[in-house]
Amino acid sequence: MAPKMPWPTYLLDRVGLPDSHKLEVYRQHGGYAALEDVLRKPWKPEEVTAVVKDSGLRGRGGAGFSTGLKWTFMPDPAKDGRRRYLAINADESEPGTCKDRVLMEKDPHGLLEGCLISAYAIRAEAVYIYVRGEYRKSLAVLQAAIDEARAAGLVGKGILGTSFDCEIWMHMGAGAYICGEETGLMESLEGKRGHPRPKPPFPAGYGLWGQPTTVNNVESIFNVPFIVQRGAEWFRSIGTKGSTGNFLCGISGHVERPGVYEVPMGISARQIVEELAGGVWKGRKLKAWFPGGSSTGMLPAAAIDTPMDHDSIKNAGSMLGTGAMIVIDETVSLVEAEYVIARFYEHESCGQCSQCREGTQWLDQILHRIARGHGRVDDPALLESLARGMAPAKTICALSDAAAIPTLALVKNFAAEVQEHATTGRLPAGCVSILAAQDLQEAHA
Amino acid sequence: MEAATRNPATLDSVILTIDGRQVSVPAGTDILTAAKSAGIDIPHLCYDPRVEAIGACRMCSVKVEGARGLVAACGQSVAPGMQVITEDEELARRRKHVLELFLSEHCATCSGCDKSGACRLQDYAYRYQADPHRFGVYRPRYDGDNYTTLNKGILYDADKCIRCGLCVKYCETVQMAEALTFTWRADRMVVSTPGDDDLNDTSCELCGGCIRVCPTSAMLDKRAFHAGRNSDLQRVRTTCSYCGVGCQMDLMVDRQRNRIVRVTAEPGSPINDGNLCVKGHFGFEFVSSPERLTQPLIRRNGALEPATWDEALALIGSRMQEIRKQHGPDGLAFISSARCTNEENYLVQKIARAVVGTHNVDNCATSCHAPTVAGLAESFGSGAMTNSTTEIRDCKVLFLIGANPTEAHPIFGLEMKRALRRGAKLIVCDPRETWMAKHADIHIQHRSGSDNMLLNAMMRHIIDEGLADRNFIESRCEDYEAFAENLKGYTVEAAAECCGVDAELIRAAARMYAEGEPSAIYYTLGITEHACGTDNVKNVANLAMLCGQIGKWASGVNPLRGQNNVQGACDMGAMPAKLPGYQRWSDAEVRARFEAVWDAPMPQTEGLKIPMMIAAAGAELRALYVMGQDIVATEPNQAEVIERLKSLDFLVCQEIFLTETAKLAHVVLPSTTFAEKDGTFTCSERRVQLVRKAVEPPGEAKADWEILCLVAEALGKPMPYRDPAEIYDELASLSPMFAGISHRRIAEHGGLQWPCPSDDHAGTRFLHEGRFTRGKGRFHAIRHQPPREEPTPEFPLILSTGRTLYNYNCGSMSRKSAVISQKESANFVEIHRDTAARYGIADDEKIVVRTARGRVTARAAVGERVRPDTIWMPFHFAEESANVLTNDVFDPVTATAEYKCCAAEIEKLPAAGTERLGSKSHAAHATR
């Protein structure tokens, strides 16, 4: 049961209800009313796109691109008769991020309704929901919801007795982070290795099986029925000028009450940590925090009053990303923390681009040697030049950026600590080694 | 982005600025190609013009004004007014960084590498002074066995691999073999096969493309490993000597060891665009085979014994002159060779006509495409491929009948695959389920020998549906009425019944072909090697004229020629009826011209074609001179051929190996391969291309043209040509269609396509534009005739024969390659699984195939490539020759045998039971 928030909420309102995943419950709480309205009135597809664009909704998958604007990139159906698809990116794999899972498992019909309205807007004949392989339950719940919706005439041919046809298909990932990149996702959906495609061409021109395709995040699409029903103005009234609406903040790390919280854009990070998550655990002090998943740059404790919206976080030198805050307390060596992250990206690089394939590997090696006390005096400089060679926008996809940006933030925001660690080979004072704890675990395993 | 080949006039051009220079290129060109056209080389490691941009190496990153970040030049199309900077300090620093990362994973040193001197990584590392040790040094990680360990041709060394992905992409999208893939992720990623299977067990076609595109030497020729660094080898550009596609390839030659070390090809080469097939890439070992003939042999006391050139030539001179005196000039005959150069073919027919005085000269076209030459000459006025190879990619509907290009003409197959990738539709009419048939929109698997039923029904449907091109028929053609009248006897339903296919397929194919914009027909021996071969060809021509699908860019009738120079052998007049340039010797003006230059009277009696020579051997025909053809292996009904040849008074063979025919000869002269002489070949698309000497011939072997000059001298008429260029000049002076061609001009133009009537003519891309060669296209009323031999209770199956991908004709060349032998070393017979079950035959079991003429044993390849009523065998294996079985009945016009159709029976081996032969990979290939 989501706690009552001191601000208006809508995203998680149904999540705490008993049997919230069932169609009956969803309908009792106004579910599919937005779809009915769109189809019966009927809205023109362009009208749906316009209201979503007007609302200022920015993608919740990490990049924060305008959802409505993305829809307008789909080719004019009068000039391009190809099949069109909507792909839902439910491959939620960014370390720290766990918000889409809540929606899929607790409110699947909310996502389905969003899918149908979005598909209607971009005239997609089918929706593919690509679910992270580890999310077995999300897959099962969504599939059951689709079956229920299909039986109720909400999916398939002639939805709600209108001429609107739309299929929704589930696809289960096989455990690769890179398949959460939109073009890697499409390759994987086509049954190929999840190697991102060079862009251009962009998915709207050449997507799934070469057809026009839009790829959206789960939470982005989940917002759509609310926007359609309550209007763009209502949505814009929440949040800041450049970042509208509520978003789901999944806070993890060294806090007393980690979890997924619905907050308005622009709320201060301190408020989330201290009021919602109960503050840094064990009465310790905050050392650093990630605003939105492991690929956003680590910020120092001093930046904790930064408002959580795209522009403010960007000005602070990081990214809002998926809004998944990771909190690090004073006992952690940041080189070790960054090494753990670098190891993740080294493992997940698809291997296509030289900078990423080898760059993630050397980030991993260099951070590892510093963390293990074998660092060299010029390693921080080498880390920085290596990371600058990887980002921004130097490779086919953004994984290279994701690996390089936190490293760059580390050497910039915590230069002294890194240099000292590399030079002396010792953990900073007061820190407890994560790696030593891991070694111990492995020795016992 | 694929190179645009369509008529440049039809493409819009874009003007942009690269490094301050204005560049104009066709719309859709990528920046990298645009820069290249302006002479600006943007560094790249994963770019190849033949594959879609990979964009992974990031070396080609450039600055584009207004763009966010750097732009990969390989994947970005040009836009009007674009401002591009390809090199500055920042870009150089960036490239150096990328190279240092590459070098950190490239765990090899240049000092021990074959590629040294031609390695792009090495070149760029030098250019940008990249430090290989900036990040540390990797020790080699992959020294164990991998999926290429057991393969004899390809070796993958992951320690040299920079994961550019070109080999994977080439294999997947150009060759479309899909044998290679990446496996694992990140820095553990290596190139492998699906499931890491042994390469021999995958769909790999051994085209060698992965080796040719590799920017380092991670994929390399196993047989060339440590056999010479690139910088030690000399590159000799020449023309492939296998099929008739005419691929340009580069022999990498070690002059000191007098060896071809390996073969490669460059993108952009005419016709093949740097692509080769397994024979082109790996099939050159025959050149240095220890089985080569190195000295003349003379039969003494029944056995062939070594002799000197003087002895051999003296014997030829005396015996042939004696026979000529006794039996007249027509008692002698010459068989020329589609494997030899134009110049040599010209000399053979000149010796026959001007020295001996007979038109008894022929070449192997009689066994294959003579019906094309005869049929298309009747219909259009000239018998050759009407379009060019590079036009194939612009074709919208490909109509293949009796052709299996991915195996028999692999590079034509590759161009067709390119057309398919560009959205072309494909109709395949073939009794076998070939690669093309599997990928076809419509596959009509008709019964062998029912082609005219099928074609007539299609054409009737086209007329009935109003799909015929009335305008074209009226303005460009003649004799339409009789043709249309004849079609009234053919209904789609009757054809469906006769062909054993669904009537709807016939209708759909007719519509698709007629409506293609444009459509083109491709055919090979499935059309010609029938007793009605010439009729078949004329009917194919009818179909094209009916729909107006000829005489246009990418649209026409295209016979794919079988041998490297079968087109040339015909062009050179190495056939009884025609002089060089398809001129008639009965024409007084022509005769006078030749008599003047040749200084000899033109013989006045009709000559014999090969099957007639064999039939007359020992009777009217007393002596036979064979250059470069193993007629025992290639003519139908082998036992009969051997019998006839044995009854000759005198048989001379000019050969590179002691073939089955040479074993019967009285004199054998050791000659040379394509790699040991200069000259020209004319490929299927009528392009005359140079053949260049790369190595010295073995022992006392001489170039065929030199031997022919010596033979002419021995026969009393010296021909003191200095070199092949001089021979070509004489030929060009005698034939208007080649008048503008000379060795010098061929070198300048990268080949010239005839007709090329004058020195300032650039050659002809496609024929019959606006006007047919003969004036008006002529329709022929063609009636269906069943094959001469139909299934009977004793021989209930139809046997058809053909070529495989890995081997070539009589096998004397291709089978010398260890790489090829590993893939396909023994004969097999394809049987449908239902038929096999009926006979109780298991896959891979050795069985007997019988016809009225003989029996052979072969391995059963059970699958679904053939119809249940048909079996199919390749003809490459002399020891179990399919031609023991084939039917020696002939096309009445051209004497082409019915190789494609005879009645046969199969049975289990009597005693041995189920002896299993061959490796698993054979079976996998045959049943795929």
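**Questions of definition in a two-chain model**

Trainee: Why is Glu167(A) called partly exposed?
Mentor: Its relative accessibility is 21%. Buried means under 20%, and exposed means over 50%. The value falls in between, so Glu167(A) counts as partly exposed. Keep in mind that this is a predicted model.

Trainee: What makes Glu167(A) and Arg150(A) a salt bridge?
Mentor: Their side chains meet at 2.6 Å, N to O. The cut-off is 4 Å between a side-chain nitrogen of Lys or Arg and a carboxyl oxygen of Asp or Glu. The pair is therefore a salt bridge. In general, side chains of opposite charge can pair when their charged atoms come close.

Trainee: Where in the chain do the two partners sit?
Mentor: Glu167(A) is in strand β3 of chain A, residues 167–172. Arg150(A) is in helix α7 of chain A, residues 136–151. They are 17 residues apart, and the pair links distant parts of the chain.

Trainee: Is Arg150(A) buried or partly exposed?
Mentor: Arg150(A) has 30% relative accessibility, so it counts as partly exposed.

Trainee: How do you know that Glu322(B) and Arg319(B) are paired?
Mentor: Their closest N and O atoms are 3.0 Å apart. The limit is 4 Å, so the rule calls this a salt bridge.

Trainee: What separates Glu322(B) and Arg319(B) along their helix?
Mentor: About one helical turn, because they are three residues apart in helix α7 of chain B, residues 309–327. Glu322(B) is partly exposed at 40%. Arg319(B) is partly exposed at 25%.

Trainee: What does Glu465(B) pair with?
Mentor: Arg511(B), in a salt bridge with closest N and O atoms 3.0 Å apart. This pair also links distant parts of its chain. Glu465(B) is in the loop between α13 and α14 of chain B, and Arg511(B) is in helix α17, 46 residues away.

Trainee: How many salt bridges does the rule find over all chains?
Mentor: The count comes to 89. Some are linked into networks, one of them formed by Arg60(A), Lys99(A), Asp100(A) and Glu219(A).

Trainee: How many salt bridges cross between chain A and chain B?
Mentor: Three. In one salt bridge, Glu346(A) joins Arg188(B), with the closest N and O atoms 3.1 Å apart. That is within 4 Å, so the pair qualifies.

Trainee: What else describes the interface of chain A and chain B?
Mentor: Contact takes in 31 residues of chain A and 32 residues of chain B. The area buried is about 2600 Å², and carbon and sulfur atoms give 53% of it. In chain A, Arg193(A), Arg357(A) and Trp362(A) lose the most area, together 22% of what that side buries. The count of residue pairs in polar contact is 13.

Trainee: Which element gives the most to the side of chain A that touches chain B?
Mentor: α13(A), with eight residues. That side divides into ten nonpolar, 14 polar and seven charged residues.

Trainee: Why is Thr434(B) called buried?
Mentor: Its relative accessibility is 1%. The cut-off for buried is under 20%, so Thr434(B) is buried. Thr434(B) lies in the loop between β18 and α12 of chain B. Leaving aside neighbours within four places in sequence, Thr434(B) touches Asn404(B), Val428(B) and Arg865(B).

Trainee: What class does Asp649(B), another loop residue, belong to?
Mentor: Asp649(B) is at 25% relative accessibility, so it counts as partly exposed. Its loop runs between α24 and β26 of chain B. Beyond neighbours within four places in sequence, its contacts include Arg319(B), Ile323(B) and His666(B).

Trainee: How far is Asp649(B) from Met320(B)?
Mentor: They are 329 residues apart in sequence but 9.6 Å apart in space, C-alpha to C-alpha.

Trainee: Which residues have the most contacts inside the largest nonpolar core?
Mentor: Leu180(B), Val191(B), Met219(B), Leu251(B) and Leu398(B), in a core of 162 residues. Beyond neighbours within four places in sequence, Leu398(B) touches residues including Ile392(B), Met416(B) and Tyr522(B). A second, separate core has 70 residues, among them Tyr346(B) and Trp598(B). In soluble globular proteins, nonpolar side chains tend to be buried together.

Conventions: Residues are numbered from 1 along each chain as its sequence is written. Chains are lettered from A and ligands numbered from 1 in the order in which they are written. This is a predicted model: local features need pLDDT of at least 70, side-chain atom pairs count only at pLDDT 80 or more; totals for chains, interfaces and linings use all residues. Side-chain values use heavy atoms; hydrogens and water are left out. Contact means heavy atoms within 4.5 Å. Buried area is the accessible area (1.4 Å probe) that two parts lose on being put together, summed over both. A polar contact is a pair of N or O atoms within 3.5 Å; within protein, one must be able to donate a hydrogen and the other to accept it, and residues adjacent in sequence count only if both atoms are side-chain atoms. Helices (H or I, at least four residues) and strands (E, at least two) are DSSP runs, numbered from the N terminus. Ala, Val, Leu, Ile, Met, Phe, Trp, Tyr, Cys and Pro count as nonpolar, Asp, Glu, Lys and Arg as charged, and the others, Gly among them, as polar. A nonpolar core is a set of buried Ala, Val, Leu, Ile, Met, Phe, Trp, Tyr and Cys residues joined through side-chain atoms within 4.5 Å. Buried means under 20% relative accessible area, exposed over 50%, partly exposed in between (1.4 Å probe, protein chains only).
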